[in-house]
Amino acid sequence: MRRTVAIGIAGLLAAFLSLPKASGTIAASAPAPQAAAQPAGESPVDLPNREGSLKFGVLGDFGTGKRPQYDMGAQMAKAHERFPFELVITVGDNLYGSQGPRDFQTKFEEPYKALLSAGVKFYASLGNHDEREVQRNYKLFNMDGKLYYSFKAPKQNVRFFALDSTYPDPAERAWLEKELDGSNEGWKIPYFHHPLYSSGERHGSTPTLSTVWEPLFVKYGVSVVFSGHDHFYERTKPQKDIVYFVTGSGGQLRKGNIDRGTGLTSKGFDTDQAFLMAEIDRDELFFNAISRTGAVVDSGVIRRRKQE
Amino acid sequence: MAGTLFALAVNILLLAPTIGTPQGAAPAGGQKVNADARVMADFEARVKAYSDLHRKLEATLPNLPKETTPTQISEHQVALAQLIAHARSGAQFGDIFTKETRALFRRYLARVFVGPEGAKLKAVIMDENPGKLQLHVNARYPESVPVSTVPTQVLQTLPKLPEDLEYRFIGDRLVLHDIHADTIVDVIENAFPK
């Protein structure tokens, strides 16, 4: 089992995505699980933007209806012009505060109007601030009335698993194991709100959830997991060969909240909002974390690990 | 109907004394098992009676269309909540979580929250927990506040609920929440061990 991770150290003011670009722009690589840091000053790892690849976004903790969320929506639309991702997975806290009909417009439909108009589909998972009954039935979240579900990506050998981490009952775990076991896709990508691993001073890791779900992720060959809840961006060092992303600053932000002493962090960004763009082509997942100003704050490529 | 269900549950109880014992809650002593099982069967019968009422009333409402808007969902929720409130106009706290059930649940939860692992569970539940809020039977679940996480370890300990109901914590209170109607059905105060 090997994983290759290449990390881009972002120049904060660097323009991101000089696309289209030739494939194979990995700047550095190393055997798993160590991450090989790219020398300071080098360009971030570009998303190859290959034809036929799966391109998607990851967004969390965003539905505030406030200026930073709208800025992020604009930044995502700008990114989409150059990197046409076809779907966005959300890691919860899709709406904050009141969640009446008007709120779905001001906290979701308007900030992402350009993306929705371009046909980008959002596949939601729910966080602790989400009104579950309304959101799971809201057509633009594509949950089909379910609190947890899986779907095959429209391209590549990928299946996503949207999980409910606020009410992880034994039935969900049984369902998850059956789904993971029955999935023929090489990439099995779970996403949900509460992070198994996080360096957040405010929330941090969720050990009670790790006990229940992590053994399944390890057993069934999961390579990457996306979560939110802590309001910053973090990519962990591989934990049992799995890379965990915290993408909880899609609208919210808790400045300076990453505890650098946890030893978990491979790359963290907690000074501005961020979202993630990713591209899967066969056994590689390329990623760029983009800040509210459009800077690439983290980048790299993760090679899929094989199921044990 | 609730009486019939209760009688049925008691009959089943007599045939199978451990029915209703939740996963992870180790029974202690034959007599106690019987007593606990009786309380659990009573709880399950009361939950079933509530759930049957819920479904009967919900069936009188128009089905939500596949392409549902937030307005339609919200209207459906309010309509269902009103029907349930009308049908249960005399409902009080303790109707489902009876005195005996409350004592039993507190005992089960005390086992879950013991030691360092229990402290972790409690910390997860109290993370962005809505805290002290006024709660009323049949009233809407508090709006614009986060929901507590209910860890698997707790859910394994408590009896399984029908899909239209769930457990939540508000402060240190265990709440029975009607998901579709988004209302409070019953509450156990001081659910955490002291």
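Colleague: Is B:Ala37 buried or exposed?

Modeller: In this predicted model, B:Ala37 counts as buried because 22 C-beta neighbours lie inside 10 Å. The cut-off for a buried residue is 20 or more other C-beta atoms within 10 Å.

Colleague: Which helix is B:Ala37 found in?

Modeller: B:Ala37 belongs to helix H2 of chain B, which covers residues 30-58.

Colleague: And how many residues along the chain separate B:Ala37 and B:Leu104?

Modeller: B:Ala37 and B:Leu104 are 67 residues apart along the chain, and a distance of 10.0 Å separates their C-alpha atoms.

Colleague: Let us turn to the two chains together. How many residues does the contact take from chain A and from chain B?

Modeller: Chain A contributes 25 residues to the contact, and chain B contributes 29 residues.

Colleague: Which helices of chain B each supply at least two residues of the side that touches chain A?

Modeller: These are helix H3 (70-87), helix H5 (115-126) and helix H6 (152-155) of chain B. H3(B) gives the most to that side, with five residues.

Colleague: How do the residues on that side of chain B divide into nonpolar, polar and charged?

Modeller: On the side of chain B that touches chain A, 11 residues are nonpolar, 11 are polar and seven are charged.

Colleague: What about chain A on its own: how many helices and strands does chain A have?

Modeller: Chain A has 14 strands and six helices. Of the 308 residues in chain A, 59% are buried.

Colleague: What share of the contacts in chain A with a separation of 6 or more comes from residues 24 or more positions apart?

Modeller: Such residues account for 72% of those contacts in chain A.

Note on methods: Residues are numbered from 1 along each chain as its sequence is written. Chains are lettered from A and ligands numbered from 1 in the order in which they are written. This is a predicted model: local features need pLDDT of at least 70, side-chain atom pairs count only at pLDDT 80 or more; totals for chains, interfaces and linings use all residues. Helices (H or I, at least four residues) and strands (E, at least two) are DSSP runs, numbered from the N terminus. A residue is buried if 20 or more other C-beta atoms lie within 10 Å of its own, exposed if 12 or fewer, and partly exposed in between; C-beta atoms are placed from the backbone. Two residues are in contact if their C-beta atoms, placed from the backbone, lie within 7 Å. Ala, Val, Leu, Ile, Met, Phe, Trp, Tyr, Cys and Pro count as nonpolar, Asp, Glu, Lys and Arg as charged, and the others, Gly among them, as polar.
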